[in-house]
2 protein chains.
Amino acid sequence: MIQNTALTPQMIHQLQLIVGESFLFTDTQTRNDYGHDETEDYVFPPAVVLKPGTPEEISSIMKFANANGIPVTPIGGRTGLSGGALSIHQGIGLSMERFNKIIHIDEQNLQVLVEPAVITQVLREAVAEKGLFYPPDPSSQGSCFIGGNVAENAGGARAVKYGVTKDYVLNLEVVLPNGEIIWTGANTLKNSTGYNLTQLMVGSEGTLGVITKIVMKLVPQNSHNILMLVPFFNAGQACEAVAKIFKAGIIPSALEFMERDAIDWTLKYVDGVNIEIKEAVQAHLLIEVDGNYPEVLFAEAEKITEVLEQFEIDEILFADSEDQKNALWKLRRAVGEAVKSNSVYKEEDTVVPRYELPTLLKGIKTIGEKYGFKSVCYGHAGDGNLHVNIVKGDMSDEAWKTEVPKGIREIFELTVGLKGTLSGEHGIGYVQKNYMDIAFGEVQLQLMKGIKNTFDPNGILNPGKVLPDYL
Amino acid sequence: MIQNTALTPQMIHQLQLIVGESFLFTDTQTRNDYGHDETEDYVFPPAVVLKPGTPEEISSIMKFANANGIPVTPIGGRTGLSGGALSIHQGIGLSMERFNKIIHIDEQNLQVLVEPAVITQVLREAVAEKGLFYPPDPSSQGSCFIGGNVAENAGGARAVKYGVTKDYVLNLEVVLPNGEIIWTGANTLKNSTGYNLTQLMVGSEGTLGVITKIVMKLVPQNSHNILMLVPFFNAGQACEAVAKIFKAGIIPSALEFMERDAIDWTLKYVDGVNIEIKEAVQAHLLIEVDGNYPEVLFAEAEKITEVLEQFEIDEILFADSEDQKNALWKLRRAVGEAVKSNSVYKEEDTVVPRYELPTLLKGIKTIGEKYGFKSVCYGHAGDGNLHVNIVKGDMSDEAWKTEVPKGIREIFELTVGLKGTLSGEHGIGYVQKNYMDIAFGEVQLQLMKGIKNTFDPNGILNPGKVLPDYL
């Protein structure tokens, strides 16, 4: 395994020659800034922060690092939730921030060629101006980088109808750990030409190569949507309703679940959102349908309402203006931050087949009681993707350190027992890697290690991520 | 590289003990039957045909073959068009035909657990009975196996709206070359848990593992569609119209292109389809839109018609009954067979970004003139996927052997120059492997070889496929 390698002044000088003096940083402030993402309270500063400007510069950096056994950690928007961008073995922190151009929106082929440091929302808005739609919308879309989305295979609320990041990536330019620059595939919608290097790269969390260009597919933009907030008197029933909606033949463009605490804490955290919630309400579903024909959306909303009326719900709130829609989305998107602002926390990204959601939710609560922790659950219920925020509150440091990991292991065992897995959209990164044995046996993990060795025989690229330590 | 290994009587006896006497065949007839698929006129009989019944039997076969250096070629429905199932190094022909059960249609999660030898159309009809839709529909759906579809990442007419096989595969049970039985992922719609072994297996053409169970996602079935056949007086314009339809914001559920010859030859080949075509017509588009709301489909068909009217077209034929729809689809699906029944042929499976179709078509004709061959083109134009049937006709054997491969190489160079690639849905298999250097450089090919070595260090599984010989 790679060791922390001290960077000599000569090495720093070499790197300076590659990126230029003004794009190399060794000061404490910068190193700290680039030493964290949104994962708990971890800070792992790299020994040096580099901000290269071209794939060729990255190629030179990789060749140099590969020859000298220096760890390189690619760093995107630093919004990750699994610690993929943490420089846990120090070395070079490779900030991609200068790769921030939308190179070409191809309106003829409904594609976009984009650099990895473009902010997801900026990309979504730029293509929207041309009447096109890039659906994946992680809650951090206002600050995360599209390259990070590709690296973690990010999802978001619209994934339930439109798919996750991987479903939009057609082709990637990548700098390999040995400095070679390659394209992984072709700019086509279909491709049966050799092993799928593109999809192998998507979700590999910056451990196989550094993404420098992305060709993505786009779809025509829809003109209308209906958004409804549904209060449930029973949280389990809210989960049950999810599978029933699909069973009725509807694919909503969003189907989000929020436990009572999630929404209460968020209402305190964000401004300008006012909704009154009866005390007996335990959870909400936020449901959106979209399309080009309002009459179809009305019909779909009515079908959904018929399904919902089989459960104990309070009055459904239909958003009656763009402002109200924006307010409800603001509320949903702020849940993560709001919960985290409340306490020290750990966030898990469980995912199961959607019909198993009620069992998962109940199991999480039972496990929490057993190990003495409180959890706040919310997420992309339509995909069976439930974010579990375990909040420290007034738990002792000792219990937080010893009991909570046992509880998390049990939650993951439950998840996998339900044919689900550890992460739906946040990735494994640093914080979940030692749970990987729950999802995979030794055989699969050794295959993954073999793949890693094929791409990165010296193990210099983002070491200590994805695969468990013992491997 | 693996050599043809003679199977001793002792080896045959060992294999008999594994699969049982009645599922091992060494007679010439059976070996010939399992020695070909639909790829040109190739026949490569295996030394022995095995028909195992369980993953455990396959595991034992693989362990035995791995220990003794015996090539194993997985064989599905034998409808492949790139020779992926040909036992080019003899050894064991592993027919999967006894894995023919639909194990569970999960109506709660909209998923199906299926064995690989289920015929695609059987699967589609079984889920349709539950109101569910499995969209991928290769033209060979009446006889191809779903496992072969996964191995080749098959497409079909509906891919343009619904995606290809890979977009429906959630999880795979696979027997590795060393006999280990693994699941590649989880039964979830989203998954960011380790490297994507599932998508690496899809499209790997039976070279990384033997698929024994497949978990696939399903979608709700649509109730209505409109089908129209559009005659163009100019084939290039038919190609041009394709991108324009998407640009108008419509995603048809099928958008197929057929050159004049394709439709003429097929009308002679199939019974019960009668359409009159004016002499000046050069090509047709077959366009379908689907959904649950007829009024929306009428509106979409009208929008499409507006686009089409910008081109030189004859009167559009709207299918006015289920019978007529079936007849038009029968016509389209029979094109491949009809063209092939006419002459010795080679079929290429070019794919480009769809706006490049007119350039591709024109280039193919120019290259054909240069090398003296005739081609008939048709395919999934909405995906930019153009099947090029090169027909021998009265070409000399000499020219067929020496000139045509040069022409094919130029066609692929053109395709890749247009940001396309060699195969959209048929795979590389045996017949395209020595063109792989056009799509990929040495670096990518070595990565693919490294992946192959990780899964199959002794190179026993489907040797001589996908990667070029020199590698």
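Does Asn153(B) count as buried or exposed, and at what relative accessibility? Asn153(B) counts as buried, at 4% relative accessibility. Buried means under 20% relative accessible area, exposed over 50%, and partly exposed in between, with a 1.4 Å probe and protein chains only.

## Basis of the model

This is a predicted model, in which local features need pLDDT of at least 70, side-chain atom pairs count only at pLDDT 80 or more, and totals for chains, interfaces and linings use all residues. Residues are numbered from 1 along each chain as its sequence is written, chains are lettered from A and ligands numbered from 1 in the order in which they are written, and side-chain values use heavy atoms, with hydrogens and water left out.

The same surface serves both copies: 100% of the contact residues of chain A recur in chain B. Contact means heavy atoms within 4.5 Å.

## Helix 10 of chain A

Helix 10 of chain A covers residues 294-308. Helices are DSSP runs of H or I with at least four residues, strands are runs of E with at least two, and both are numbered from the N terminus. The 15 residues of helix 10 reach 21 Å from first C-alpha to last, close to the 21 Å expected at 1.5 Å a residue. That expected span is 1.5 Å times one less than the number of residues.

Buried residues of this helix include Val296(A), Leu297(A), Glu300(A), Ala301(A) and Ile304(A). Their cover includes strand 12 (224-232), helix 8 (235-247), strand 14 (283-291) and strand 15 (317-318) of chain A. Helix 10 (294-308) of chain B also belongs to that cover.

## A five-stranded sheet in chain A

An open sheet of 5 strands runs in the order 5-6-10-8-9 in chain A, with antiparallel pairing. Two strands pair if DSSP finds at least two bridges between them. Strand 5 (102-106) and strand 9 (181-183) are the edges, each pairing on one side only. Neighbouring strands are turned by 10 degrees against each other on average, direction ignored.

Strand 8 (169-175) and strand 10 (210-217) of chain A pair over 6 bridges. Val169(A) has Met216(A) as its bridge partner in strand 10. Helix 4 (120-128) of chain A lies across strands 5, 6 and 10, at about 35 degrees to strand 5. Axes are lines fitted to C-alpha atoms, for helices over the stretch in contact, and angles run from 0 to 180 degrees between N-to-C directions.

## Strand 8 of chain B

In chain B, 7 of the 7 residues of strand 8 (169-175) are buried, so this strand is largely enclosed by the rest of the structure. Strand 8 of chain B runs antiparallel to strand 10 (210-217), joined by 6 bridges. Its pairing with strand 9 (181-183) is antiparallel over 3 bridges. Glu173(B) stands opposite Trp183(B) there. The hairpin of strands 8 and 9 has 5 residues between the strands, and Gly179(B) takes a positive phi near 95 degrees.

## Positive phi in chain B

Most residues other than glycine have a negative phi. Leu110(B) is not a glycine, yet has a positive phi of about 55 degrees. Leu110(B) lies in the loop between strand 5 (102-106) and strand 6 (111-114) of chain B. At 5% relative accessibility, Leu110(B) counts as buried.

Asn153(B) also has a positive phi, near 55 degrees. Asn153(B) sits in the loop between helix 5 (146-152) and helix 6 (159-162) of chain B.
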